[in-house]
Amino acid sequence: MTLERLVLIVIWIVSILAIILFIPKNKRREAILSFLACQAITWVNSMLHVKYGLLEFPVREFPKATDLLFTSEYMMYPLMCSLYFIHEPGSSNLLRLFYLAGCISCLTLIDVIISTYTNLIKYTNYSWYWTWIDFFLIFLLTNVYCKWFFKRGVLYQERRTAR
């Protein structure tokens, strides 16, 4: 078994454990929506990066189906985004910004370690700070969408119960 395959297996095991341990039952709806929203954004974003030669994924799970690394793009990044969303502090905007920056910095560090020590991700015309900015925008866009979605749902339920 190669190092790349071992890393992919570890990512899947850690992801499944994170879902079981860190997503409470009462937050599953929010986690699923943020997971799927981030997955959609990440898919389009990564496809554009690969198309324009910014990133390469030399070792992939499905090389005939897609040019993307399935595990990172469809599981690791969206899961981190959903964990960020459901555990985001609601107190002050400054604390929320630091929390977002911390989550993104950890994810960027993991991404850089994977690209440095394995052949899973190759930065062609790209650098770690672009990854950080990219994750920041993806997480921010997902957060705005999910907050809008659930805010609308609460208003709809309040009106419905008032009748």
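This is a predicted model: local features need pLDDT of at least 70, side-chain atom pairs count only at pLDDT 80 or more; totals for chains, interfaces and linings use all residues.
View 1. Look for Arg 60 in the loop between β1 (55-56) and α3. Setting aside neighbours within four places in sequence, you will find Arg 60 in contact with Arg 5, Thr 66, Asp 67, Leu 68 and Leu 69.

**View 2. Helices α1 and α3, side by side.** How do α1 and α3 run, parallel or antiparallel to each other? The axes of α1 (residues 3-22) and α3 cross at roughly 25 degrees, and angles under 35 degrees count as roughly parallel, so α1 and α3 are roughly parallel to each other. Their axes come within 11 Å, and the crossing is left-handed. From α1, the contact is made by Leu 8, Ile 11, Trp 12, Ser 15, Ala 18, Ile 19 and Phe 22. From α3 come Phe 70, Thr 71, Met 75, Met 76, Leu 79, Leu 83 and Ile 86. Sorted by class, the contact of α1 with α3 has 12 nonpolar and two polar residues, with no charged ones.

**View 3. A closer look at Ser 15.** Ser 15 belongs to helix α1. Is Ser 15 buried or exposed? The relative accessible area of Ser 15 is 5%, so this residue is buried. Not counting residues up to four places away in sequence, Ser 15 touches Met 75 and Leu 79.

View 4. The crossing of α2 with α3 is right-handed. On the α2 side, the contact is made by Glu 30, Ala 31, Ser 34, Phe 35, Cys 38, Gln 39, Thr 42, Trp 43 and Ser 46. The residues of α3 that take part include Glu 73, Tyr 74, Tyr 77, Pro 78, Cys 81, Ser 82 and Phe 85. By class, the contact of α2 with α3 holds 12 nonpolar, five polar and two charged residues.

View 5. The axes of α3 (residues 70-86) and α4 (residues 93-117) come within 11 Å, crossing at roughly 160 degrees. Angles over 145 degrees count as roughly antiparallel, which means that α3 is roughly antiparallel to α4. α3 passes α4 in a right-handed crossing. Met 76, Tyr 77, Met 80, Leu 83 and Tyr 84 of α3 make this contact with Tyr 99, Leu 100, Cys 103, Leu 107, Ile 110, Asp 111 and Ile 114 of α4. What classes do these residues fall into? In the contact of α3 with α4, 11 are nonpolar, none is polar and one is charged.

**View 6. Helix α4 from end to end.** With 25 residues at 1.5 Å a residue, α4 should span 36 Å, and its end C-alpha atoms are 36 Å apart, so the two values agree. Which residues of α4 are buried? They are Leu 100, Cys 103, Ile 104, Leu 107, Thr 108, Asp 111, Ile 114 and Ser 115. As you trace this list, here is a handy idea: an α-helix has 3.6 residues a turn, so residues three or four places apart point the same way.

Methods:
Residues are numbered from 1 along each chain as its sequence is written. Side-chain values use heavy atoms; hydrogens and water are left out. Axes are lines fitted to C-alpha atoms, for helices over the stretch in contact, and angles run from 0 to 180 degrees between N-to-C directions. Helices (H or I, at least four residues) and strands (E, at least two) are DSSP runs, numbered from the N terminus. Angles under 35 degrees count as roughly parallel, over 145 as roughly antiparallel, 65 to 115 as roughly perpendicular and the rest as oblique. A crossing is left-handed if the near helix is turned anticlockwise from the far one by less than a right angle, and right-handed if clockwise. Contact means heavy atoms within 4.5 Å. Ala, Val, Leu, Ile, Met, Phe, Trp, Tyr, Cys and Pro count as nonpolar, Asp, Glu, Lys and Arg as charged, and the others, Gly among them, as polar. The expected span of a helix is 1.5 Å times one less than its number of residues. Buried means under 20% relative accessible area, exposed over 50%, partly exposed in between (1.4 Å probe, protein chains only).
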